[in-house]
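Hi,

Here is the model I promised to pass on.

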Amino acid sequence: MHLGLFEGNHVSDFLQCNQDVIMTLAILCRRAFSDLRQNFCAQLITTMVVSLSILIFAFFTLLYFNLQHFVDRFGSELGLVVFLTEDTPKDRIPSLYQKLTGLSEVEKVTYISSEEAFGRLEKFLKDEKEVLEGVDPQFLPPSFEIQVNRAVFQLKRIKQLAGEIDKWPEVSKVRFGQEWIDRLYVFSGLVRTIVAVTGILLLFTAAFVVTNTIKLTVYARQEELKIIRLVGATNMFIQGPFLVEAFLQGLLGSSLALGVVFACYRFVQGLEAKSELLRGVNICFIPWQYTVAIIASSVLLCVLGTVLAMRRSLRL
Amino acid sequence: MISIESSIIRLKDVSKKYPPDNVVFSGIDLEIEKGEFVFLTGPSGTGKSTMLRILFCAERPASGEIWVDGVALSSFSNAQVPYLRRKIGVIFQDFKLLSNHTIFDNVALSLEVIGLGKKQAEQRVMQVLEGVGLAGKTSHYPLQLSGGEQQRVAIARAVVNRPSIILADEPTGNLDLQRTEEVIMLMEELNARGATIIFATHDDRLFENTHRRVLRLLNGKIRI
Ligand SMILES: Nc1ncnc2c1ncn2[C@@H]1O[C@H](COP(=O)(O)OP(=O)(O)OP(=O)(O)O)[C@@H](O)[C@H]1O
Ligand SMILES: [Mg+2]
């Protein structure tokens, strides 16, 4: 055996720890790529697991936002009616008007004087308006009709607002909504809670399934990782390809899932246009901030899961 | 006394125990000079492999301190250990080859971890594989080779990046007499070119007629 290798045996640069190898992105990606090819099946399975987990969660998110959207749209179509006491002096009206328009929740305010209210009543009664003969046109209290700002609409806040306005001395009564809207809210609140809790449970399940799938694929290669470490690979060298893979898995898996949900959304939209029954539903997609958050958390989950799973292989 | 500078490996009062109370050795003091070729021997289970494992930080000692080229191993964090290992070629008793990679890739790994691409590594890998007589089997997988052939792959991987220190753990354990001679000659050659070599074996015949220092590990102590 003759090797003739030791012409340049650099004993002098022995143990220079800070002479780090410049791990260019190219080297890293090349290794990730060859790794991907070699373990294609395992990678594909992990990606599918990520995708399915996110898919289930994304469907629930879609459901949640549509419920909220639906109820809010109904709620915002009502407004508040603020009745004033009969002895409110006429010159207080403009300042009250100002005060109401100044509220952040308020979109539009219309003043209805006693006379106008009387006129509306007359119109409403049409042919039978004789019953009002001899009645003082001032018998109805003056009122403000308030349209609520759609963007800030929340039943709780409206109720609060109504309570506050009710305390003003010039106000006799604040009326809002109808009882069934109230009930709709209670019901939809319940459904939303159920959906949200299920969604969160699903999120945990997804996190659990994804991290464990990753763990299994890492553990399957633990011996290999240990050996690579024993011949002098840095943690970055070993972890790098796995992190690139995890990043791709998280990104592709969640994008695929959201793509499927989006396709379903477009499909329902198509049905909406055709069917009379569904027209009012007006389905909405998951807000874009949430889609970004889902993709980001999916990527984070995969990367974190990989880091955690690899910790054991990278000790000594 | 040998100064720290001329001794490339120095152990002071080193002991190692495995839980719960298996004391492999204790109070080991040892100095190995730069360019020395020493045999480490002793019956099976006395801790030859453990001693070598401590030298390349695969294990930490229970107590005591080890200096390699003047640097205390206790000062190496786990993240820094790889830089030490690149300067030490280890021939593992159980080979530790990657079974799903070819012979070529196994040997190239030593160069890959220091940032060399496969193309750059190719010439050196081929040269070393030729040296151990495996040039014709570069695209085989470890399990398609005999035990002796696998051992030679392990040797090739350990020396391909021209390490200053070679820790050989029973590198001839699976080889016939002729191959054993060849491995000894290879080690002699590496040693002649400046590498420090610790050669662990329980085969007395390997150092019967040698002038080399022989460290005998027995009952947890070293006797020269
Ligand atoms: N990972 C471990 N955990 C617990 N005990 C261990 C471990 N590795 C080795 N030992 C123990 O340490 C002792 C020394 O083992 P070691 O492998 O160093 O012996 P050796 O001298 O290399 O033997 P051989 O000649 O058979 O290779 C043995 O008693 C063994 O049981
Ligand atoms: Mg041993």
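Let's start at ligand 1: one of its oxygen atoms sits 2.9 Å from a polar backbone atom of Gly47(B). That is a polar contact, meaning a pair of N or O atoms within 3.5 Å; within protein, one must be able to donate a hydrogen and the other to accept it, and residues adjacent in sequence count only if both atoms are side-chain atoms. Taken alone, ligand 1 exposes 630 Å², and the protein buries 63% of that (Shrake-Rupley areas with a 1.4 Å probe; for residues, only the protein chains shown count as cover).

Before I go on, the housekeeping. This is a predicted model, where local features need pLDDT of at least 70 and side-chain atom pairs count only at pLDDT 80 or more, while totals for chains, interfaces and linings use all residues. Residues are numbered from 1 along each chain as its sequence is written, chains are lettered from A and ligands numbered from 1 in the order in which they are written, and side-chain values use heavy atoms, with hydrogens and water left out.

Back to the ligand 1 site. Two side chains make polar contacts there: a polar atom of Ser44(B) lies 2.5 Å from a ligand oxygen, and a polar side-chain atom of Thr50(B) lies 2.5 Å from an oxygen of ligand 1. The shell holds 13 residues, with Ser44(B), Gly45(B), Lys48(B), Ser49(B) and Thr50(B) the closest (a residue is near if one of its heavy atoms lies within 4 Å). By class, that shell has two nonpolar, nine polar and two charged residues (Ala, Val, Leu, Ile, Met, Phe, Trp, Tyr, Cys and Pro count as nonpolar, Asp, Glu, Lys and Arg as charged, and the others, Gly among them, as polar).

Helix H1(B) gives the most to this shell, with three residues (helices are DSSP runs of H or I, at least four residues, and strands are runs of E, at least two, numbered from the N terminus). Six of the eight residues of H1(B) are buried, so the helix is largely enclosed by the rest of the structure; buried means under 20% relative accessible area, exposed over 50%, and partly exposed in between, with a 1.4 Å probe and protein chains only. The buried ones are Lys48(B), Thr50(B), Met51(B), Leu52(B), Ile54(B) and Leu55(B). Just after H1(B), Cys57(B) takes a positive phi of about 65 degrees.

What coordinates the magnesium ion, ligand 2? Ser49(B) through OG and Gln93(B) through OE1, at 1.9 to 2.2 Å (donors are N, O and S atoms within 2.8 Å of the metal, or 3.2 Å for Na, K and Ca; water is not among the atoms, so sites may look incomplete). The pair links distant parts of the chain, 44 residues apart: Ser49(B) is in H1 of chain B, and Gln93(B) is in the loop between strand E6 (88-91) and helix H3 (103-112). Ser49(B) counts as partly exposed at 22% relative accessibility, and Gln93(B) counts as partly exposed at 40%.

Elsewhere in chain B, Thr201(B) is in the loop between strands E8 (196-200) and E9 (213-218). Thr201(B) is buried, at 1% relative accessible area, and its side chain reaches the backbone nitrogen of Asp203(B) at 3.0 Å.

As for chain A, 39% of its 316 residues are buried, and its secondary structure comes to nine helices and four strands.
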